[in-house]
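Colleague: I have a model open and I'd like to learn how to read it. Could you walk me through a few features, one at a time?

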Amino acid sequence: MKIFLRQLSLFVILFGQNVTFGQVQPFEIFGKFKGDHKDTVFLFFDNNFSQKDSLYSTINQNGEFHFVVKNELPILCRIHCGEKSSLDEFYVDNSKTFLELESHVSEKEVSQDSGGSRAIFSIKNIIGSQTDSLIRDFNKWKIDLRENHLGQNENDEYFTKLKSIILKYPKNKASAYLLAGRIFIMGKAFMYRGKHPLEYNDFITLKNQLDKSLQKTLEWENLTKIQNSLEIARHRVKNEPFLNQSLQDVSEKIVPIINFKNKITLVDFWASWCKPCRASFPSLKSLYSIYKADGFEIIGISIDNNKKAWKDAISNDKLPWKQLIDTSGVEGKLCSYYDIRGVPFQILIDHEGKILAYPSSLEQIEEFIKETTHLYKK
């Protein structure tokens, strides 16, 4: 095996760079599992996750597998060993690439309901991909930074290091991949794993340094999603002004959401079909009756697309506070601005129209009322 690795490394050095980026061309991926493993490994590109779109290779008794593929290079590849398997990813930018993987098959990491065993593996070494080497070197630098950093400017060092890579390799997909950070995208789902290490303005500064040739790539698509997520996160920051747009009330007049003067206001997003929303109304009505005189107000915003159902719910539940509706639902301007994807959802606003909190319970709402309403009394 070691002899083969040395031969492959020499082949990559001598001939592996004879590829034309951005064009469909043949390439090979060689791999070897160390440890227990499944019988089959699946390969897919960019975000084509479903198993029916995957290529597959049998893993032989020595843990070896081999793919012969045609695609554009460089390209993000992902591999797994079936439904009950971990997943890892790497870049191919050469005609030949070799992977070394460590693996084990675990019974303990699978619930009793799911049954069977789970293949756990990770790529420990990759030969033949300069793009992937750039990423792995940066990730090693990050680990060293976190383990040995003694100062208070870790984020500044992160920004500086990443900027140096992007300025040196503005056309490389690795630059866009590293700027994206720890993302996880499958199908149409998007999830960011942990807080992004850069603030919005720093993120945009680095994104603008990337070459326009990347704009049609998956990596750029991911960056756009993260940019939107960071922008929304800025909207949700405490003390940021609330987006006080105008919506339709029960008399079908278009009116501003809030009159902020001398009030603390709970903006309550709900819908007639939302059982938890309506179950909370008796307690909210009790809270409203106790603290209204102290400057506490509630504004209901429904995401119903059925106005009759909305009005019937207001009447049946005898809601005494101002009610508005946005029939565009979670696709409406306000829900999109605050990334509200479901109800119930509540925002507390102070007397200046700034965000106080996003309360998750009636107790939190009452606590804020007690702490602040006395400040707004005339």
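Colleague: Let's start with helix packing. At what angle do helix H3 and helix H4 pack, and how far apart are their axes?

Modeller: Keep in mind that this is a predicted model. H3 covers residues 154-168 and H4 covers residues 173-180; they pack at an angle of about 160°, with 9 Å between their axes. An angle over 145 degrees counts as roughly antiparallel, so H3 is roughly antiparallel to H4. As for handedness, H3 passes H4 in a left-handed crossing.

Colleague: Which residues make that contact?

Modeller: From H3 you have Tyr158, Leu162, Ile165 and Ile166, and from H4 there are Ser175, Leu178 and Leu179. Sort the residues of this H3 and H4 contact by class and you get six nonpolar, one polar and no charged.

Colleague: How do H3 and helix H5 cross, roughly parallel or roughly antiparallel?

Modeller: Go to the angle again. H5 is residues 200-207, and its axis crosses that of H3 at roughly 15°, coming within 10 Å. Angles under 35 degrees count as roughly parallel, and therefore H3 and H5 are roughly parallel to each other. This crossing of H3 and H5 is right-handed.

Colleague: Let me zoom in on Tyr158 of H3. Is Tyr158 buried or exposed?

Modeller: Here you look at relative accessible area, and under 20% means buried. Tyr158 has 5%, so it is buried.

Colleague: What does Tyr158 touch, leaving out residues up to four places away in sequence?

Modeller: Phe138, Trp141, Lys142, Leu178, Pro197 and Leu198. The Leu178 in that list is one of the H4 residues in the helix contact.

Colleague: On to cysteines. How many disulfides are there?

Modeller: The general idea first: a disulfide is a covalent bond between the sulfur atoms of two cysteines. In a model you go by distance, and the cut-off is within 2.5 Å. The count here is one disulfide, joining Cys274 to Cys277 with an S to S distance of 2.3 Å.

Colleague: Which hand does the disulfide of Cys274 and Cys277 have?

Modeller: Read the torsion about the S-S bond. For Cys274 and Cys277 that torsion is about 80°, so the disulfide is right-handed. Both of these cysteines, Cys274 and Cys277, are buried. While you're looking at cysteines, Cys77 counts as buried at 0% relative accessibility, and Cys335 is buried too, with 3%.

Colleague: What should I look for in the backbone itself?

Modeller: The peptide bond from Leu73 to Pro74 is cis, with omega near -5°, and Pro74 sits in the loop between strand E4 (64-72) and strand E5 (75-80). Another cis bond joins Val343 and Pro344, where omega is about 5°. You'll find Pro344 in the loop between helix H10 (333-337) and strand E16 (345-349).

Colleague: Which residues other than glycine show a positive phi?

Modeller: Glu252 is one, with phi near 70°. Glu252 lies in the loop between strand E11 (246-249) and strand E12 (254-256), and at 47% relative accessibility it counts as partly exposed. Asp339 is another non-glycine with a positive phi, of about 55°. Asp339 lies in the loop between H10 and E16, and its relative accessible area of 26% makes it partly exposed.

Colleague: Now zoom out. How many helices and strands does the chain have?

Modeller: Eleven helices and 17 strands. For burial, 47% of the 378 residues in the chain count as buried. For contacts, take those with a separation of 6 or more: residues 24 or more positions apart account for 68% of them.

Key: Residues are numbered from 1 along each chain as its sequence is written. This is a predicted model: local features need pLDDT of at least 70, side-chain atom pairs count only at pLDDT 80 or more; totals for chains, interfaces and linings use all residues. Side-chain values use heavy atoms; hydrogens and water are left out. Buried means under 20% relative accessible area, exposed over 50%, partly exposed in between (1.4 Å probe, protein chains only). Axes are lines fitted to C-alpha atoms, for helices over the stretch in contact, and angles run from 0 to 180 degrees between N-to-C directions. Helices (H or I, at least four residues) and strands (E, at least two) are DSSP runs, numbered from the N terminus. Angles under 35 degrees count as roughly parallel, over 145 as roughly antiparallel, 65 to 115 as roughly perpendicular and the rest as oblique. A crossing is left-handed if the near helix is turned anticlockwise from the far one by less than a right angle, and right-handed if clockwise. Contact means heavy atoms within 4.5 Å. Ala, Val, Leu, Ile, Met, Phe, Trp, Tyr, Cys and Pro count as nonpolar, Asp, Glu, Lys and Arg as charged, and the others, Gly among them, as polar.
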